[in-house]
Amino acid sequence: MSNFEYIISSLPFLTADYKYAEGEGFLAVVGQIREDLSGKDGEVLDFLLTGFDADQLNPDFYARALAHPLKFLREYFRFDLNIRNAKVRFLNRVLGRPDLQDVITGKGQEDDENLDIDLYRFRGGEFEEEEPVASALAQDSLLGREKALDDVIWEKISSLETFHYFDLTAVLAYVAKLHIVDRWLALDEQKGRELFRQLVQEVRGTFQGVQYTDK
């Protein structure tokens, strides 16, 4: 059984000036978290990590995600599907391609009745963030566009973890945000550190006993 209070209170690398040591990185942090999860909860974490692999993002994956028993994963990947399709439609307009080219809709190639819920999963459901996503995509600067999109994603994750403090959803939300931080540490170290500082402060607000250094 997972001890979520212990996991949250000892999340790795909770210092605002943290920099990966040689040979360490996002997966090393996740590995430390995994050590304190039960086998069942570890499988849920693995599902989230699968969704970070662009090669896995096909109709069959989203069908499984949108039928997942954990609400956080259902809503996170419903949102992820909507953002992905919004990006594709944007590129289609820019490149003069058909509007629906490469947009994920309909069933996957695997015919699995257990995944055949309803058409809601293929549309992605309501897309409340459609306007800020469109505004982000309209940015002239590529980095500005990515920053604006990640800001929207960060806020969505925050909304999905509301009232979740010491449970699996809190852990998954941390990992999802850390994944954003990790990407920015590679793209723009200053932005990555800003996001990491924000993540530290959020965890501090959840668990006042966390020892951290705010530099």
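These legends accompany close-up views of a predicted model.

Figure 1. Let's start with the overview: the protein has 10 helices and zero strands. Read from the N terminus, its elements run α-α-α-α-α-α-α-α-α-α. Of its 215 residues, 45% count as buried. Among contacts between residues at least 6 apart in sequence, 62% join residues at least 24 apart.

Figure 2. At the start of H4, look for Asn 58: one of its side-chain oxygens comes to within 3.1 Å of the backbone nitrogen of Asp 60.

**Figure 3. Helix H4 against helix H5.** On the H4 side, the contact is made by Phe 61, Tyr 62, Ala 65 and Leu 66. Their partners in H5 are Leu 73, Arg 74, Phe 77, Arg 78, Asp 80, Leu 81 and Arg 84. By class, the residues of this contact divide into seven nonpolar, no polar and four charged.

**Figure 4. Helix H5 alongside helix H9.** Next comes the packing of H5 (residues 71-95) with H9, whose axes lie 10 Å apart at an angle of about 30°. Angles under 35 degrees count as roughly parallel, so H5 is roughly parallel to H9. Phe 72, Leu 73 and Tyr 76 in H5 meet Thr 169, Leu 172, Ala 173 and Ala 176 in H9. This contact has six nonpolar residues, one polar residue and no charged ones.

**Figure 5. The largest nonpolar core.** This view gathers the 58 residues of the largest nonpolar core. The members that touch the most others are Ile 33, Tyr 76, Phe 77 and Val 175. Helix H9 (residues 168-187) gives the most to this core, supplying 12 residues.

**Figure 6. Asp 150, a buried acidic side chain.** To finish, we zoom in on Asp 150, which lies in helix H8 (residues 142-160). Its relative accessible area is 7%, and because buried means under 20%, Asp 150 counts as buried. Leaving aside residues up to four places away in sequence, Asp 150 touches Ile 180, Arg 183 and Trp 184.

Technical notes:
Residues are numbered from 1 along each chain as its sequence is written. This is a predicted model: local features need pLDDT of at least 70, side-chain atom pairs count only at pLDDT 80 or more; totals for chains, interfaces and linings use all residues. Side-chain values use heavy atoms; hydrogens and water are left out. A polar contact is a pair of N or O atoms within 3.5 Å; within protein, one must be able to donate a hydrogen and the other to accept it, and residues adjacent in sequence count only if both atoms are side-chain atoms. Helices (H or I, at least four residues) and strands (E, at least two) are DSSP runs, numbered from the N terminus. A nonpolar core is a set of buried Ala, Val, Leu, Ile, Met, Phe, Trp, Tyr and Cys residues joined through side-chain atoms within 4.5 Å. Buried means under 20% relative accessible area, exposed over 50%, partly exposed in between (1.4 Å probe, protein chains only). Axes are lines fitted to C-alpha atoms, for helices over the stretch in contact, and angles run from 0 to 180 degrees between N-to-C directions. Angles under 35 degrees count as roughly parallel, over 145 as roughly antiparallel, 65 to 115 as roughly perpendicular and the rest as oblique. Contact means heavy atoms within 4.5 Å. Ala, Val, Leu, Ile, Met, Phe, Trp, Tyr, Cys and Pro count as nonpolar, Asp, Glu, Lys and Arg as charged, and the others, Gly among them, as polar.
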